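Hi,

Here is the structure I said I would pass on. Have a look at it first, and my notes follow below.

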Amino acid sequence: MEIKIGIQNIGREIVIDSAQTAEEVAAAVSKAIATGEELRLSDDKGRIVIVPGDAVGYVELGGEEARKVGFGAL
């Protein structure tokens with residue numbers, strides 16, 4: 001699933017692909033915003049992204065879709 005994180009007062013957004021479910025990410029974001037704690041998310045390659053909870057501007061969760069196999073539609 002693709003996750004886009006907008007940071008307050010920063011022009012660029014952080015984009016990661018994660019194996020976490022939308023519910024897990026939404027719960028972590030809600031907790032980080034409510035308490036001001038850091039938001040920790042891991043991507044498909046094992047990297048961890050840490051964002052201060054009080055600096056999160058928005059989070060956009062992409063749809064969960066299966067990976068496509070092949071060379072395209074014929």
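This is a predicted model: local features need pLDDT of at least 70, side-chain atom pairs count only at pLDDT 80 or more; totals for chains, interfaces and linings use all residues.

One step along, Gly6 has Glu13 of strand 2 as its bridge partner. Strand 1 and strand 2 are antiparallel to each other, with 5 bridges between them.

That pair belongs to an open sheet of 3 strands in the order 2-1-5, with antiparallel pairing. Strand 2 (13-17) and strand 5 (56-61) are the edge strands, each pairing on one side only. From one strand to the next, the twist averages 15°. Helix 1 lies across strand 1 and strand 5, and runs at about 170° to strand 5.

Now the loop between strand 1 and strand 2, where you will find Asn9. The hairpin made by these two strands has 5 residues between them, and Asn9 takes a positive phi near 65° there. Most residues other than glycine have a negative phi, so I checked the surroundings of this one. Is Asn9 buried or exposed? Asn9 is exposed, with a relative accessible area of 83%.

The other hairpin is formed by strand 3 and strand 4, again with 5 residues between the strands. In its turn, Gly46 has a positive phi of about 90°. The two strands pair in the antiparallel sense over 4 bridges, and Arg40 stands opposite Ile50 in strand 4. In a regular strand the side chains alternate between the two faces of the sheet. For strand 4, Val49 and Val51 make up the covered face, while Ile48 and Ile50 are on the uncovered one.

On to the inside. The largest nonpolar core has 14 residues, and Ile3, Ile5, Val25, Leu39, Leu41 and Val51 are those with the most contacts within it. At least two residues of this core come from each of strand 1 (2-7), helix 1 (22-35), strand 3 (39-42) and strand 4 (48-51).

Which residues is Ile3 in contact with, leaving aside its neighbours within four places in sequence? The list is Ile14, Val15, Ile16, Ser18, Val25, Leu41, Val59, Glu60 and Leu61. Two of the names there, Val25 and Leu41, are also among the core residues with the most contacts.

Cheers

Notes
Residues are numbered from 1 along each chain as its sequence is written. Side-chain values use heavy atoms; hydrogens and water are left out. A nonpolar core is a set of buried Ala, Val, Leu, Ile, Met, Phe, Trp, Tyr and Cys residues joined through side-chain atoms within 4.5 Å. Buried means under 20% relative accessible area, exposed over 50%, partly exposed in between (1.4 Å probe, protein chains only). Contact means heavy atoms within 4.5 Å. Two strands pair if DSSP finds at least two bridges between them. Axes are lines fitted to C-alpha atoms, for helices over the stretch in contact, and angles run from 0 to 180 degrees between N-to-C directions.
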